[in-house]
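Subject: Structure handover

Hello,

Here is the structure I said I would pass on, with the sequence alongside. My notes on what was found in it follow below.

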Amino acid sequence: MSTFTDLRLSKPILRSIEEQGYDTPTPIQIQAIPHLIEGRDLLGIAQTGTGKTAAFALPILDFLASDPQAPAPRQPSVLVLTPTRELATQISESFRVYGRYLKVRHAVVFGGVNQRPQVNALRQGIDVLVATPGRLIDLMEQGHIDLGAVEIFVLDEADRMLDMGFIHPIRKVVATLPRERQSLLFSATMPPDIVELTRSILRNPLRIEVAPPATTVDLVTQSVLFVEKSDKRELLGEILRDPSIERALVFTRTKHGANRVVKHLRQIGEKADAIHGNKSQGARERALNSFRSGHLRVLVATDIAARGIDVPDITHVINFELPNIPDNYVHRIGRTARAGRNGAAISFCDTDERPYLRDIEKTIRCKITIVEDHPFRSKTPLTQFPNKPASKRKTAKFSLRNRGRGRALGRTSHR
Ligand code: AMP
């Protein structure tokens with residue numbers, strides 16, 4: 001078995017890893033780090049939760065530590081491009097933590113906040129710049145950033161970037177990078193436009209594909225409750241009476257939907273808040289911090305806002321609305337069961353959403369256990385479920401109150 005010492009990282013890095021309590025490297029770290037230290041380009045097919053941030057941050061820090069130079073103003077030598085502010089903040093925090101015993105300067109830039117502190121940080125000189133595309137380009141156009149000295153470029157969550165319409169900004173950024181550089185591209189999925197992007201960015205890359213963290217199939221207990229749309233809020237209230245739900249992330253498809261759920265939860269005395277694209281950066285951070293600290297038990301989020309947020313100990317993911325993109329289901333439920341813990345994913349499915357459920361089950365290649373015994377059971381017969389006759393589907397009974405986690409919700413059936 002590999003250890004971090006086998007990966008030949010420098011001592012100050014090993015010390016910070018040890019302090020983080022990491023015993024062994026994850027599969028992507030084992031496979032990627034030695035090649036990245038040698039300067040190879042990388043295509044990493046991996047999603048959040050696999051340890052991919054450390055897989056690139058550790059060898060980058062090692063590279064910077066091996067040849068310390070005073071950073072030049074406005075000219076980072078490492079650029080990490082990532083789609084959302086939350087991810088940018090988390091990546092920058094990883095550089096801070098892993099680089100604690102090194103003299104490496106890093107900065108993070110993203111939109112929605114005053115640019116002045118970001119500009120000041122850039123002026124003082126930085127080694128690593130973590131950025132979202134929009135603000136990066138704004139600052140480049142104003143002359144605050146010069147990418148002419150970049151030696152390592154990381155494109156994180158490339159598929160998400162494209163989903164969010166960042167293809168032109170990405171191309172613009174890449175066009176200003178030196179041709180001689182090391183490039184890393186990470187993507188959870190490989191649709192044709194990512195394959196195309198990979199060709200234009202990477203040179204003879206090493207391709208590493210790691211399985212999603214053992215979430216969907218092994219560690220998350222998944223269940224689905226058929227319910228009419230109009231009963232969903234009451235059902236949510238009922239479910240949240242279960243004290244074993246210590247920290248729940250509730251998903252809606254839209255920002256307005258998220259606000260409506262929060263309003264209802266507050267009316268019934270539940271401490272809840274929402275994160276989505278219409279909230280200011282400050283409001284999102286406050287909500288996330290309250291959720292992390294346990295002050296809020298319930299956080300309501302849209303898919304994009306929740307993407308990549310790393311809050312440990314989420315015991316339950318509740319899909320108040322099913323996602324219309326099946327991959328989002330996998331991303332959602334991957335928020336629970338982090339670092340090998342068990343978690344539960346409870347999905348509400350109204351009549352209109354049944355086709356979404358069918359697509360999700362195709363994607364995860366298993367049937368989700370149906371919970372029949374709840375007070376808001378949909379009257380629409382299950383035989384109308386477009387996928388399979390009711391007799392062939394597995395169902396589970398459980399009482400909504402005082403359920404033990406895992407026990408009551410039944411395990412996912414694999415067929
Ligand atoms: P990521 O896939 O980069 O979002 O990482 C997911 C989580 O795994 C983060 O909370 C990291 O702190 C944690 N992590 C990364 N590498 C390791 C490791 N080798 N051992 C334990 N936890 C890790």
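Predicted model: local features only at pLDDT ≥ 70, side-chain atom pairs only at ≥ 80, totals over all residues.

If residues up to four places away in sequence are not counted, Ile60 touches Val78, Phe95, Val128, Ile152 and Val154. As background, nonpolar side chains in soluble globular proteins tend to be buried together.

**Whole chain**

The protein chain has 415 residues, of which 55% are buried. Its secondary structure comes to 15 helices and 15 strands. Of the contacts with a separation of 6 or more, 77% are between residues 24 or more positions apart.

**The seven-stranded sheet**

Seven strands make an open sheet with parallel pairing, in the order S3-S4-S2-S5-S6-S1-S7. S3 (106-109) and S7 are the edge strands; each has a single partner strand, so one side of each has no neighbour in the sheet. On average, neighbouring strands are turned by 10° against each other, direction ignored.

Helix H2 (residues 27-37) packs on the sheet, where it touches S1, S6 (182-187) and S7. The direction of H2 makes about 165° with that of S7. Another helix, H4 (residues 85-98), lies across S2, S3 and S4 and runs at about 175° to S3.

Some detail on individual pairs:

- S2 (residues 78-81) and S4 (residues 128-131) pair in the parallel sense over four bridges. Val80 stands opposite Val130 in S4.
- S1 and S6 run parallel and are joined by four bridges. Here Gly44 stands opposite Phe186 in S6.
- S1 (residues 42-45) and S7 are also parallel, again with four bridges. Leu42 has Leu206 as its bridge partner in S7, and Leu43 stands opposite Arg207 in S7.

How are the faces of S1 covered? Both are: Leu42 and Gly44 on one side, and Leu43 and Ile45 on the other, are all buried. In S7 (residues 206-209) the side chains alternate.

In H6 (residues 133-141), the buried residues include Pro133, Arg135, Leu136, Ile137, Leu139 and Met140. Among the elements that cover the buried residues of H6 are S2, S3, H5 (116-123), S4, H7 and H8. Gly143 follows H6 and has a positive phi, near 80°.

H7 (residues 158-163) contains Arg160. Is Arg160 buried or exposed? Its relative accessibility is 6%, and buried means under 20%, so Arg160 counts as buried. Arg160 and Pro83 are 77 residues apart in sequence, yet their C-alpha atoms are 6.8 Å apart in space.

H8 (residues 167-175) and H9 (residues 192-201) pack at an angle of about 10°, and their axes are 12 Å apart. Angles under 35 degrees count as roughly parallel, so that is the term for H8 and H9. On the H8 side the contact is made by Ile167, Ile170, Arg171 and Val174, and on the H9 side by Glu196, Leu197, Ser200 and Ile201. By residue type, this contact divides into five nonpolar, one polar and two charged.

**Points to look at in the viewer**

- Ile60, with its contacts to Val78, Phe95, Val128, Ile152 and Val154.
- Arg160, a buried residue in H7.
- The H8 and H9 pair, at about 10°.

Regards

Conventions. Residues numbered from 1 in each chain as written. Heavy atoms only, no water. Contact = heavy atoms within 4.5 Å. Buried < 20%, exposed > 50% of the residue type's maximum accessible area, 1.4 Å probe, protein only. Helix = DSSP H or I, 4+ residues; strand = E, 2+ residues; numbered from the N terminus. Pairing = 2+ DSSP bridges. Axes fitted to C-alpha atoms, helices over the stretch in contact; angles between N-to-C directions. Parallel < 35°, antiparallel > 145°, perpendicular 65-115°, else oblique. Nonpolar A, V, L, I, M, F, W, Y, C, P; charged D, E, K, R; others polar.
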